[in-house]
Amino acid sequence: MFYNVNVVDVENGKIVPGMTVSVKDGIILKIKKADTRIKEGEQDLTGLYMMPGLIDSHAHLGDCGRMGWLNNTVKSYIKEGVTTIRDAGGDMRPLKIYKAQLDSGTMVGPDVYFSSFWAGPKYFYMRPRFETKGYPTENAPWSQSVSDTASVEELEKMVIEAKEYGCTGLKLYDYLSAEMLQKIIPLCHKHGLKAWGHAENRLADALEVVKAGVETVSHIYLIVGLRNCYSSEYRKKCFTPEEITRRDSIYKEMIARGTILDATITVSKEMNFLYRVVNEAYRAGVKIDAGTDVIDGKTIFQQELNLLVDSCGMSIPDVLRAATVVGAEVVGKEGKLGVIREGAEADLLVLKSNPLESLNALQDRKALYINGIEVK
């Protein structure tokens with residue numbers, strides 16, 4: 001039991017002072033006004049702040065395929081206060097081992113929701129399949145080459161295989177037509193999987209992808225429609241009225257459908273004009289998560305949050321919401337993750353100062369709990 005803590009209500013962007021939070025078996029059992037005197041067994045958190053653990057909505061823990069690399073990345077995430085990760089494609093075999101360690105209690109670390117990576121044959125053509133190396137067939141439940149002639153029955157079998165393997169969503173990547181997306185996404189929903197995808201995938205543009213029903217679209221530079229925009233000519237890009245009107249239509253469709261933008265701004269930081277585009281989507285009312293697209297083992301989560309505030313113009317409460325409430329929606333755990341509520345999972349950050357006033361508070365923590373267990 002945590003006595004007399006200031007609860008950070010990330011849903012409403014406010015502080016609820018002087019609360020006692022009870023946790024049992026990894027779940028928040030009760031939240032009530034603190035008594036005038038601490039009771040036996042209660043941990044005194046007077047003057048401290050408690051908020052939900054952070055959620056990285058776009059990572060690639062499975063990319064390297066090595067448990068040692070994965071474990072080191074997990075330790076780095078813990079330092080940043082990240083308690084949940086959405087893995088967006090790679091070799092899922094190490095993640096299966098890691099998940100088993102979490103479930104058995106032999107390891108305490110961020111929970112991972114991982115995906116089955118789907119793309120058209122052209123994406124895989126003459127490309128080494130590192131993510132399925134050693135598997136009996138080229139394709140695997142976590143990585144599928146999807147022919148444009150695949151029947152609904154074949155696609156459904158692949159969806160079921162992904163779910164049985166432990167995938168909680170599909171990463172719908174390159175060279176998948178709008179027509180193919182319209183076949184796949186209803187099958188995801190039928191079998192309880194999330195539909196995650198690139199904002200455009202070479203065969204379907206951003207508006208077509210959103211209209212097909214993808215729940216989260218990744219990468220702000222793909223909303224702009226630019227894949228090769230690292231050259232200097234783009235760094236101060238001015239958009240035509242037609243380009244702005246096109247994006248407005250995408251935002252309107254995203255808002256109508258509740259589609260989440262997985263901006264991944266850190267990996268696009270050389271393209272300064274994209275800060276303006278994130279701000280444009282934010283002001284339009286698009287829901288934005290906090291995803292890093294980390295692939296090299298060096299976590300950059302708090303850098304992503306700082307960029308969303310300092311460069312993209314999002315408010316601190318909205319960025320904290322992106323890193324908690326919206327992230328929970330991405331993985332389909334609304335009300336159970338990313339919030340401090342009775343019945344929610346006890347992934348908790350205890351901080352020395354108010355994070356709604358400054359993100360620097362995230363770097364000055366007192367404690368971190370995952371499923372109610374303190375992580376040192």
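**Exercise 1.** State what volume the second largest pocket has, which residues line it, and how these divide by type.

*Solution.* Step 1: the volume of the second largest pocket is about 170 Å³. A pocket is an open set of points on a 1 Å grid over the protein atoms alone, where a 1.4 Å probe fits, with protein on both sides within 12 Å along at least five of seven lines; lining residues have an atom within 4 Å of a point. The model is predicted: local features need pLDDT of at least 70 and side-chain atom pairs pLDDT 80 or more, whereas totals for chains, interfaces and linings use all residues. Residues are numbered from 1 along each chain as its sequence is written, and side-chain values use heavy atoms, without hydrogens and water.

Step 1: the lining includes Lys 99, Leu 102, Asp 103, Ile 370 and Asn 371. Helix 2 (residues 93-104) contributes the most to this lining, namely three residues.

Step 2: the lining comprises five nonpolar, three polar and three charged residues.

**Exercise 2.** Describe the largest pocket by its space and by the residues closest to its centre.

*Solution.* Step 1: the largest pocket holds about 480 Å³ of space. Step 2: among its 23 lining residues, His 60, Asp 63, Phe 117, Tyr 123 and Tyr 173 are the closest to the centre.

**Exercise 3.** Is Asp 174 buried or exposed, and which side chain does its own side chain contact?

*Solution.* Step 1: Asp 174 has a relative accessible area of 2%. Step 2: Asp 174 is therefore buried (under 20% relative accessible area, 1.4 Å probe, protein chains only). Step 3: its side chain makes a polar contact (N or O atoms within 3.5 Å, one able to donate a hydrogen and the other to accept it) with the side chain of Arg 202, at 3.1 Å.

Conventions
Points joined across faces, edges and corners; volume = space filled by probe spheres on them. Helix = DSSP H or I, 4+ residues; strand = E, 2+ residues; numbered from the N terminus. Nonpolar A, V, L, I, M, F, W, Y, C, P; charged D, E, K, R; others polar. Buried < 20%, exposed > 50% of the residue type's maximum accessible area, 1.4 Å probe, protein only.
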